[in-house]
Each structure stands twice: as C-alpha cells, then as structure tokens.
Amino acid sequence: LKPAAPSPPAKPPTPRFCRRAPPPPVPWRAPMESIQQYVGEFRELAKRPRSFLTQILNLACIVFSALMLWKGLMVATRSESPVVVVLSGSMEPGFHRGDILFLTLYDDPPLLPGDVVVFQIEGRDIPIVHRTMNVHEDNKGVYNALTKGDNNQVDDRGLYAHRQLFIGKKEIMGRAQAFLPYVGMITIWLNDYPWLKYILIGSMGFFVIIGRE
C-alpha cells in the first residue's frame, strides 16, 4: 500500500471588512447651510446695485399694494376697520378668540337688536365686539344702542365712558357680516410676542429682496 499524500495546509480565513455606519446627521447643519446660502445670495445681490435696487422697489410695491387693498376695503365697506380679530371669549359660543370678522357700516338696513357690532369707546385703544340688546332711533334718524357680550352676565354700561348709557354711530366701527374661525390666532400671537412679528416681517422682506418666493 502506498502511503497517503499529506493534505495541503488549510488556508487562513479571508478577513471580512465591515463598512462603518455613517455618522448621524447633525440636526443644526442643514439650517446653518441654508442660512449661509441665503447670506451668500444677499452678498452677491449687493454687488449688483441695479438688481438690488430693483428688488427693493419690488418690496415697496408689495407694501403699497397691501395698503391700497386695505384702503379699497375701507371705501367699499364704509368702515375704518373692515377686518377685525376677536381677542376675548366674551362672545362665546357664537364667536371664539381668534375668529376674524368682516365688517360693514352701511345705513341700510338699519341697526337692529341682535346685530353683532364692533365699537370703540373714547379713551380705550382696543375695540370691543359685542351684540346689541336694545336700539333706539329718534325721528331724525339718530340711534343709540345698548350692547352686551353673549358670554357676559351684565350689559356693557360698565365699559362705556363715565355717565354714558348708550353708544351711537360715532362709537360703532362696523357691523359683522361674515367670519372665519380661528384664522386670526396668528395676529394674536404676533401681538403677544412682538419679537415674532419682527422676525416674520424681516424674513419676508429678506426673501423678497433676494428673489425667493
């Protein structure tokens, strides 16, 4: 019998290389890159005075267009403030805080009990949204009204000026014709946090200047 040939030595196992997982993304890296990009665009725009002036004029056109739209609404509705925001819960459940009211101040139809009006008392900065309880009109067409909030227990004589029992046409800013629920909460937040208003207006102006929509 022939002796068996020795078996070849076993090959060492081939090492396996594992890919390292990528590092987790830094949460603040993407916003910082966007900010740097916007700042770079602003610097490039500032190097072109004609383009920069054009964007400034575009921003001015947007502002003046908004003012013209507001003045047009004032003329069409005959109200000095055709759009107001409900700031309190005194008219619940009919209207809630943050609802937007659209007002008109037409003489026809005449003011009737039950109409929701917005009025401003002399010496008070914030208008009041309440419902008329009683309306009295004399033979000259001059009317006086007593108002009350739907969610209040008493009428508004405690809110009127000293020794004032009714409000007249001079105090009434408009009569509610339609409303949008809760859309005005943005306005309330901007009034409660003025820094948020400055950030919002500044960012909108910045994006208009650099040409971003």
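Tutor: Contact means heavy atoms within 4.5 Å. Helices (H or I, at least four residues) and strands (E, at least two) are DSSP runs, numbered from the N terminus. This is a predicted model, where local features need pLDDT of at least 70, side-chain atom pairs count only at pLDDT 80 or more, and totals for chains, interfaces and linings use all residues. Residues are numbered from 1 along each chain as its sequence is written, and side-chain values use heavy atoms, with hydrogens and water left out.

Student: Which residues in helix 3 meet helix 4?

Tutor: Leu190, Asn191 and Asp192 in helix 3 meet Pro194, Leu196, Lys197 and Leu200 in helix 4.

Student: How is the packing of two helices described?

Tutor: By the angle between their axes and the distance between the axes. Axes are lines fitted to C-alpha atoms, for helices over the stretch in contact, and angles run from 0 to 180 degrees between N-to-C directions. Helix 3 (residues 185-192) packs on helix 4 at about 115 degrees, with the axes 4 Å apart. That makes helix 3 roughly perpendicular to helix 4. Angles under 35 degrees count as roughly parallel, over 145 as roughly antiparallel, 65 to 115 as roughly perpendicular and the rest as oblique.

Student: At what angle do helix 2 and helix 4 pack?

Tutor: Helix 2 (residues 49-77) and helix 4 (residues 194-210) pack at about 135 degrees, with their axes 8 Å apart. The two are therefore oblique to each other. Among the residues of helix 2 that meet helix 4 are Phe52 and Leu59, and Gly205 and Val208 are among their counterparts in helix 4.

Student: How many aromatic pairs are there in the whole structure?

Tutor: Rings of Phe, Tyr and Trp (its six-membered ring) pair if their centres lie within 6.5 Å; planes under 30 degrees apart count as stacked, over 60 as edge-to-face and the rest as tilted. A search of the whole structure finds three such pairs. One of them joins Phe95 and Phe179, edge-to-face, at 5.2 Å centre to centre and 90 degrees between the planes. Phe95 lies in the loop between strand 1 (83-85) and strand 2 (100-104) and Phe179 in strand 6 (residues 172-180), so the pair ties together parts 84 residues apart in sequence.

Student: Is Phe95 buried or exposed?

Tutor: Buried means under 20% relative accessible area, exposed over 50%, partly exposed in between (1.4 Å probe, protein chains only). Phe95 has 11% relative accessibility and counts as buried, while Phe179, at 39%, counts as partly exposed.
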